[in-house]
Amino acid sequence: MCDITRMRSDHFEAVTNAQTESELEEARLRAMGRKGEISQRLRSLGGMDPEERKRQAPALNALKSDLQKAIARRKQELADQALAELISKESADVTLPGRPRRRGTVHPVSQTIEEVSAIFADMGFGIAEGPEIETDWHNFDALNIPPDHPARQEHDTFFVRNRDPGRQHPNVLRTHTSPVQIRALTAQGAPIRVIAPGRVYRCDYDQTHTPMFHQVEGLAIDRDITMANLKWVLEEFCRAYFEVEQAELRFRASHFPFTEPSAEVDLRCSWKDGRLTVGEGDDWMEILGSGMVHPKVLEACDVDTDIYQGFAFGIGIDRLAMLKYGIPDLRDFFDSNLQWLEHYGFSPLDVPALHSGLSR
Ligand code: PHE
């Protein structure tokens with residue numbers, strides 16, 4: 001009998017100590033396999049004398065059935081353990097902050113257009129639009145640009161083949177946003193106050209020129225608009241855009257066929273260690289072209305020049321973005337390099353507005 005007690009403790013120990021399903025199966029075979037210890041003892045019952053058999057049979061059968069139960073229990077335990085381990089490895093902590101692989105960013109040009117639009121909207125300017133494929137009338141003639149003007153030469157302008165045989169004039173990829181002056185004035189008439197941001201195209205390519213770039217046109221026509229208004233608007237714009245207390249502008253006499261008088265405008269600034277400071281220093285940086293809208297332009301749009309006059313300006317948007325955000329090479333703007341976009345891009349959730357700060 002004490003022999004059966006020893007068997008019980010041996011086999012139960014083996015079952016409890018089994019760490020894997022195959023160890024458990026081994027323990028089962030050793031006890032109850034064909035050659036297992038318990039199986040052999042059960043088989044030997046037949047050869048025992050009846051007294052002995054009477055004593056051993058119930059104990060052996062009880063041991064067998066107890067062990068079967070223990071094996072089933074252990075099997076379930078091992079399965080539960082394996083599942084718990086799997087779950088703990090694959091679990092996700094839903095309270096952790098998001099960690100997106102590729103966060104989309106707002107391109108510096110889009111950001112700058114948003115900022116510029118916010119500033120001019122605050123000064124009462126609406127937004128006007130025009131097509132990027134323009135008629136040469138809108139892009140040149142209506143803007144008082146004569147047929148022999150250098151801008152109309154093939155090497156400056158992308159001409160688009162005109163498939164309509166009835167029309168003698170070519171279309172062009174607009175070389176500036178000034179044709180939107182014509183479109184807005186014809187559609188809306190005077191008085192008018194609009195800006196027109198958009199893409200423009202010229203045959204040019206180096207560190208500061210790309211064949212496609214961006215401008216924002218400004219146009220204000222009313223009964224009593226003068227260059228003083230132009231100067232205030234531009235100064236106010238520069239103060240707001242560069243987020244400085246003071247911005248000083250210098251007007252230089254210039255020539256554009258569609259303005260008279262015309263002025264190129266420089267901004268007082270200083271460059272220190274490759275960083276730009278606006279409003280102080282001894283450097284001047286050209287940032288835009290402007291002037292009083294030429295009467296011929298107003299006439300082309302049927303605006304009464306005895307009553308109305310006003311100013312226009314054109315600013316390079318990419319140039320503005322390069323200056324404010326310290327981006328050295330214009331060509332990088334249009335390379336679709338994800339690393340560059342990640343570095344210079346803006347959060348889509350920070351929409352520029354004057355009250356919350358333009359750029360953060
Ligand atoms: N269209 C001019 C350019 O592209 C800029 C400009 C616009 C000048 C409006 C005067 C008035 O250079």
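A salt bridge here is a side-chain nitrogen of Lys or Arg within 4 Å of a carboxyl oxygen of Asp or Glu, and by this rule the count comes to 23 salt bridges. The model is predicted, so local features need pLDDT of at least 70 and side-chain atom pairs count only at pLDDT 80 or more, while totals for chains, interfaces and linings use all residues. Residues are numbered from 1 along each chain as its sequence is written, and side-chain values use heavy atoms, with hydrogens and water left out.

Select R28 and E25, whose side chains meet in a salt bridge with an N to O distance of 3.0 Å. Both lie in helix α2 (residues 21-32), three residues apart, about one turn of the helix; helices (H or I, at least four residues) and strands (E, at least two) are DSSP runs, numbered from the N terminus. R28 is partly exposed at a relative accessible area of 28%, and E25 is also partly exposed, at 37%, where buried means under 20% relative accessible area, exposed over 50%, and partly exposed in between (1.4 Å probe, protein chains only). In helix α2, select next E26 and R30, four residues apart, which form a salt bridge of 3.8 Å, N to O.

Now colour the chain by domain: domain 1 covers 2-90 and domain 2 covers 108-344, with bounds that come from an automatic or database domain assignment. The C-alpha centres of the two domains lie 90 Å apart.

Move to E115 and K324, which form a salt bridge with the closest N and O atoms 2.6 Å apart. E115 lies in helix α5 (residues 108-122) and K324 in helix α10 (residues 317-325), so the pair ties together parts that are 209 residues apart in sequence. E115 is buried, at 0% relative accessibility, and K324 is buried as well, with a relative accessible area of 14%.

Next, display F120, F237, F242, L267 and F311, which touch the most other members among the 47 residues of the largest nonpolar core. Such a core is a set of buried Ala, Val, Leu, Ile, Met, Phe, Trp, Tyr and Cys residues joined through side-chain atoms within 4.5 Å. Helix α8 (residues 227-242) gives the most to this core, with seven residues. Centre on F242 and, leaving aside its neighbours within four places in sequence, find its contacts (heavy atoms within 4.5 Å) with L267, L276, V278, L320, L323 and K324.

From there, select E264 in strand β8 (residues 259-272), a buried residue with a relative accessible area of 18%. The C-alpha atoms of E264 and A253 are separated by 6.5 Å, although these residues are eleven apart along the chain. In strand β8, P261 is joined to E260 by a cis peptide bond with omega of about -5 degrees.

Finish with two backbone positions. Most residues other than glycine have a negative phi, and most peptide bonds are trans. E243, which is not a glycine, has a positive phi of about 55 degrees and sits in the loop between α8 and β7 (249-256). D302 likewise has a positive phi, near 60 degrees; D302 is found in the loop between α9 (295-300) and β11 (309-316) and is exposed, with a relative accessible area of 73%.
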